[in-house]
Amino acid sequence: MRLKKFISLQEEIELMDLDGDFIKKALKLRTFSITSRDLQSLTHKKEIQFVVRTTWFPQLDLSSTISGGLDKTKHNQFLSNLKSIDKTNAADLIHYSMSGIGPGEFMFYFMYDKCTIGGGSSKGVDLKIGNQTAELKSIQVSKTARGRIPQGYINGFFMGGAVDTSRLANKIAAEMKKNGIETGGSGSGVEFGGAKLDKLKELQPGKYAQFEREFGQLAKTYFDKETVVFINNKKTDSTYGEILHVGPVDSRNVKIDVITQGKIKPMVKI
């Protein structure tokens, strides 16, 4: 018997005497020694996939990761498989916190063989899969009417640095001032919540409709140019982390949600 094989056999025998439950508990890592720079290339893709699989999803066959481009069906099926292996670790993968990346980006890096992450300096690009680029938005979808948010609409995100909504926000602020509606809020710059926007719409319906048309044109510029991926960020939903929509968005389904930090956030029907 060769020495290497003998040592391996000895280790196997010794491991049989160890407390398996204790080891499993001790190996429940919540963070990895990986940086956002590592996610900007494919250099250590296989190593990172191996480390995450081995630590969090030991029953996973790594050949089942997604080899092609963005695919809603494949993504949601693969994520469902991860949840069936370990729901807690799947949740940690979805909202993995790392400096320099946004919600969901680490999950995409792990799940897609060709995916790299754009990084904070990569304006308007969160995901790169081969020649395909996309912005990733982690949002909640309104299953029922929620305040002024209609059923089936999503909100809570900016359209990205590729489209500047600050000029229109300032025009709306000027009209607000004319009508005695003061800016307010905890953010810096122009701040108008939904109630104040609704008040302006009530006082100046024609003017507000004009603002919405202008915003629709900005939205068209953005959504015609960018591939946007929306994922569900509501942790209590069974579809947490799943792709809700990927691909074109009709600008006619985009409305003004709120103005915060001097920019306009949309609500979008998907």
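## Tyr208 and its surroundings

Tyr208 touches Arg148, Leu197, Leu200, Lys201 and Ile256, when residues up to four places away in sequence are not counted and contact is taken to mean heavy atoms within 4.5 Å. This is a predicted model, in which local features need pLDDT of at least 70 and side-chain atom pairs count only at pLDDT 80 or more, while totals for chains, interfaces and linings use all residues. Residues are numbered from 1 along each chain as its sequence is written, and side-chain values use heavy atoms, with hydrogens and water left out.

Tyr208 lies in helix α9, which covers residues 205-225; helices (H or I, at least four residues) and strands (E, at least two) are DSSP runs, numbered from the N terminus. With a relative accessible area of 2%, Tyr208 is buried, where buried means under 20% relative accessible area, exposed means over 50%, and partly exposed is in between, with a 1.4 Å probe and protein chains only. One of the residues that Tyr208 touches is Leu197, and these two are 11 residues apart in sequence and 8.6 Å apart in space, C-alpha to C-alpha.

## The chain as a whole

The chain has nine helices and eight strands, and of its 270 residues 41% count as buried. Among contacts between residues at least 6 apart in sequence, 63% join residues at least 24 apart. The accessible surface of the chain comes to about 15100 Å², of which 50% belongs to carbon and sulfur atoms; such areas come from the Shrake-Rupley method with a 1.4 Å probe, and for residues only the protein chains shown count as cover.

## Helix α9

Helix α9 has 21 residues and reaches 30 Å from its first C-alpha to its last, close to the 30 Å expected at 1.5 Å a residue, the expected span being 1.5 Å times one less than the number of residues. Its buried residues are Tyr208, Phe211, Phe215, Gly216, Ala219, Tyr222 and Phe223. Seen down the axis of α9, these fall within an arc of 150°, so they line one face of the helix; the arc is that of the directions from the helix axis to the C-beta atoms. An α-helix has 3.6 residues a turn, so residues three or four places apart point the same way.

The cover over the buried residues of α9 includes β3, α7 (166-178), α8 (194-203), β5, β7 and β8. On the face of α9 turned away from its buried side are the exposed residues Arg213, Gln217, Asp224 and Lys225.

Helix α3, residues 45-56, has 12 residues and reaches 16 Å from first C-alpha to last, close to the 16 Å expected at 1.5 Å a residue. Lys45, Ile48, Gln49, Val52, Arg53 and Trp56 are the buried residues of α3, and they cover an arc of only 125° around the axis, which puts them on the same side of the helix. Among the elements that cover them are α5 (87-94), α6 (105-111) and β1 (115-117).

The loop between α3 and α4 (72-85) holds Thr65, which is buried at a relative accessible area of 7%. Thr65 touches Gln49, Phe78, Phe110, Met111 and Asp113, not counting residues up to four places away in sequence, and its side chain makes a polar contact of 2.7 Å with the side chain of Asp113. A polar contact is a pair of N or O atoms within 3.5 Å; within protein, one must be able to donate a hydrogen and the other to accept it, and residues adjacent in sequence count only if both atoms are side-chain atoms. Ser63 is found in the loop between α3 and α4 and counts as exposed, at 62% relative accessibility; a polar contact of 2.8 Å joins the side chains of Ser63 and Asp61.

## Two nonpolar cores

The largest nonpolar core has 36 residues, and those with the most contacts inside it are Leu82, Phe106 and Phe108; such a core is a set of buried Ala, Val, Leu, Ile, Met, Phe, Trp, Tyr and Cys residues joined through side-chain atoms within 4.5 Å. The elements that give two or more residues to this core include α3, α4, α5 and α6, and α6 provides the largest share, six residues. A second, separate core of 29 residues includes Ile154, Phe192, Ile259 and Ile264.
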